[in-house]
Amino acid sequence: MNRSEILSSLKTNPQVSVLIVGAGINGIGTFRDLALNGVDVLLVDRGDFCSGASSASSHMAHGGIRYLENGEFRLVREAVKERNRMIQNAPHIVKPLPTTIPMFKYFSGILNAPLKFMGWLDKPSERGSIIIKLGLMMYDAYTGSQRTVPRHTFHSRSESLKKWKKLNPEIVNTAVYYDGLISNPERLALEILLDAEAENPNARALNYVSLVQGEKDTVILRDELTDESFEVKPKLLINAAGPWIDFANHSLGVSTKFIGGTKGSHLVLDHPELRATIGDNEFFFENKDGRIVLIFPLQDKVLVGTSDIKLDHPDEARCTDEEVDYFLEMTARVFPNIKVTREHVVFAFSGVRPLASSLAKSTGQYSRDHHIEVLSGDWTNLLFPVYSLVGGKWTSFRAFSEEVADKAMQFLGVHRQKQTHDLPIGGGRGYPKNGEEQAKFINSLVAWTGLSKERLIALFERYGTRAESVAGFISRAGDEPLKLLPEISHREIAFIAQHEKVEHLDDLLVRRSMLAMLGRLTRENLQELSNVLGESLNWTPEQKKAEAERTLRLLADRHRLKL
Ligand SMILES: Cc1cc2nc3c(=O)[nH]c(=O)nc-3n(C[C@H](O)[C@H](O)[C@H](O)COP(=O)(O)OP(=O)(O)OC[C@H]3O[C@@H](n4cnc5c(N)ncnc54)[C@H](O)[C@@H]3O)c2cc1C
């Protein structure tokens, strides 16, 4: 069903078993699990899919080695397992990422870890080699016998400086271990959602629809594109509004304080020297006060982050001037001879981690674990229960969604028929296992679509095996590359517009593609992109202009990108 069909079906019949509010990765993961098990489920988001915290992550599928120190063993074990599953189920987007930790001290942190574990230390500090070695040994043990990624290795100062010639010579050691890189989280989330809709006609997802109010058996939603309100009558509401969970509960007439979010920001740098220096490695290290900084490859650019700052209103999350200076300073700590300045920044983003509210004195100690808060009965004036999904990591979304779906199905009296552990996602389905299979896949597409090999390789890199559908669509009519951005074509944009629930230009530029994040946009090509997308979505000339202007404003306001 397309958007207007879904909206009119809801107006005819407002009954749904489950309403999920919030289409970040946790809402989407739960939507998929319920859809697979035959539940009729409606997912809504007040913005685009995956535009909240889930679009602000550090792009890491990781166990979170640092959380061992906070005693979060259950979480780390689960997240390491889930990291491995993501690499297996979505190999087109999640790849093993060698991660290098430069260490500047041997002994620091040895006392901190047990003290922190006992809750006697509030102040984070830099960890030294010995404590990192212990952490990595535990981390390896959690990966299990399957060894989806190799074990860690430790390197002396001289070995390290031989390999990384531009690394700060003040280091005492480096360690290399493996995590996963989620190269395009927004696309991964969307593919999970599209898989769910394909599986079950009663699983319906709408972006730009807000929760407004709830009373007795009724929830009022608003279509943000038309300003029209309509009712739905759910048996169960799942509040997956991430950092906005308490605000959403407030709309339902319930006062909660489940979330104590912290803001994190990132920069994308266009810096060929730094990019060449890091190669395909992430650098993951701590500054003197123990805060984590990461520098890693994102296609031909370099991603640098992250901060951890308490923030009460998630709408206010922006990457500030102070954060930019901090990231530049931290990059210089690891690579002191590489000059990185504000001129190199091509994109920035910021978001709030939906962490459980905490009494810990430093943000680094806030738990990253997840749980479900249930509101029902006398607590509310609602006739249906509300499950709020508190906390969680991108990496552990599948496990968290499974837990939520099990609880929801128990409430509805539905038995689980399908599992998600080994379920391939989108373009990860039938993914070639090696270079030879990949060449076969591409060659067969060349044969039946007539597209060039070069073009098909680019589509394969963007869409995995979904490249088959994209290429098939492209080949069914005449196509040409965009004049000002030849890496993308008219028909590719038409495919995305028709199959991927695009409503605004920024959906295409910021989330369905990585054009904005990779610094590919200019004022001129943005207008061309708006015109081409507008052709598929039947926009008037005024709409095409207005969409380009909206995107310019949004890029300047949220992404420090003034075109
Ligand atoms: C800076 C940062 C770095 C991170 N790095 C990593 C990492 O490297 N690896 C990792 O595993 N995890 C990471 N995380 C954590 C991870 O990104 C989040 O835990 C996860 O994305 C939370 O997803 P969510 O679905 O709960 O929330 P969100 O993605 O925020 O989704 C909530 C959605 O609810 C919608 N919404 C809000 N109010 C309403 C309403 N009234 N009506 C309708 N919709 C509404 C919002 O628009 C939003 O889309 C990071 C998080 C941040 C912020």
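**Note on the predicted model: ligand, backbone and helix packing**

1. A backbone N or O atom of L211 lies 3.0 Å from a nitrogen atom of the ligand. That is a polar contact (a pair of N or O atoms within 3.5 Å).

2. Keep the ground rules in mind. This is a predicted model, in which local features need pLDDT of at least 70, side-chain atom pairs count only at pLDDT 80 or more, and totals for chains, interfaces and linings use all residues. Residues are numbered from 1 along each chain as its sequence is written, and side-chain values use heavy atoms, leaving out hydrogens and water.

3. Which other backbone atoms sit beside the ligand? A backbone N or O atom of M60 is 2.7 Å from a nitrogen atom of the ligand. A polar backbone atom of A53 is 2.8 Å from a ligand oxygen.

4. Now widen the view. There are 35 residues around the ligand, each with a heavy atom within 4 Å of it. D45, S54, M60, G392 and T395 come nearest.

5. Check the backbone next. Most residues other than glycine have a negative phi, and most peptide bonds are trans. The peptide bond from G305 to T306 is cis, with omega near 5°. T306 is in the loop between β14 (301-305) and β15 (309-310). Strands here are DSSP runs of E, at least two residues long, and helices are runs of H or I, at least four, numbered from the N terminus.

6. Two residues have positive phi without being glycine. Q299 has phi near 50°, and lies in the loop between β13 (292-298) and β14. R560 has phi of about 50°. R560 sits in the segment after α18 (541-559).

7. Look at helices α12 (residues 435-449) and α13 (residues 453-463). Their axes come within 10 Å and cross at roughly 120°. Axes are lines fitted to C-alpha atoms over the stretch in contact, and angles run from 0 to 180 degrees between N-to-C directions. That angle makes α12 oblique to α13. Angles under 35 degrees count as roughly parallel, over 145 as roughly antiparallel, 65 to 115 as roughly perpendicular and the rest as oblique.

8. Which residues make this contact (heavy atoms within 4.5 Å)? From α12 come Q438, F441, I442, N443, L445, V446 and T449. From α13 come K453, L456, I457 and F460. By class, the contact of α12 with α13 has seven nonpolar, three polar and one charged residues. Nonpolar means Ala, Val, Leu, Ile, Met, Phe, Trp, Tyr, Cys and Pro; charged means Asp, Glu, Lys and Arg; the others, Gly among them, are polar.

9. Finish with α15 (residues 490-499) and α17 (residues 523-536). They pack at about 55°, with axes 9 Å apart. That makes α15 oblique to α17. H490, I493, A494 and A497 of α15 meet L529, V532, L533 and S536 of α17. This contact has six nonpolar, two polar and no charged residues.

How values were computed: Contact = heavy atoms within 4.5 Å. Polar contact = N/O pair within 3.5 Å; in protein donor to acceptor, adjacent residues only side chain to side chain.
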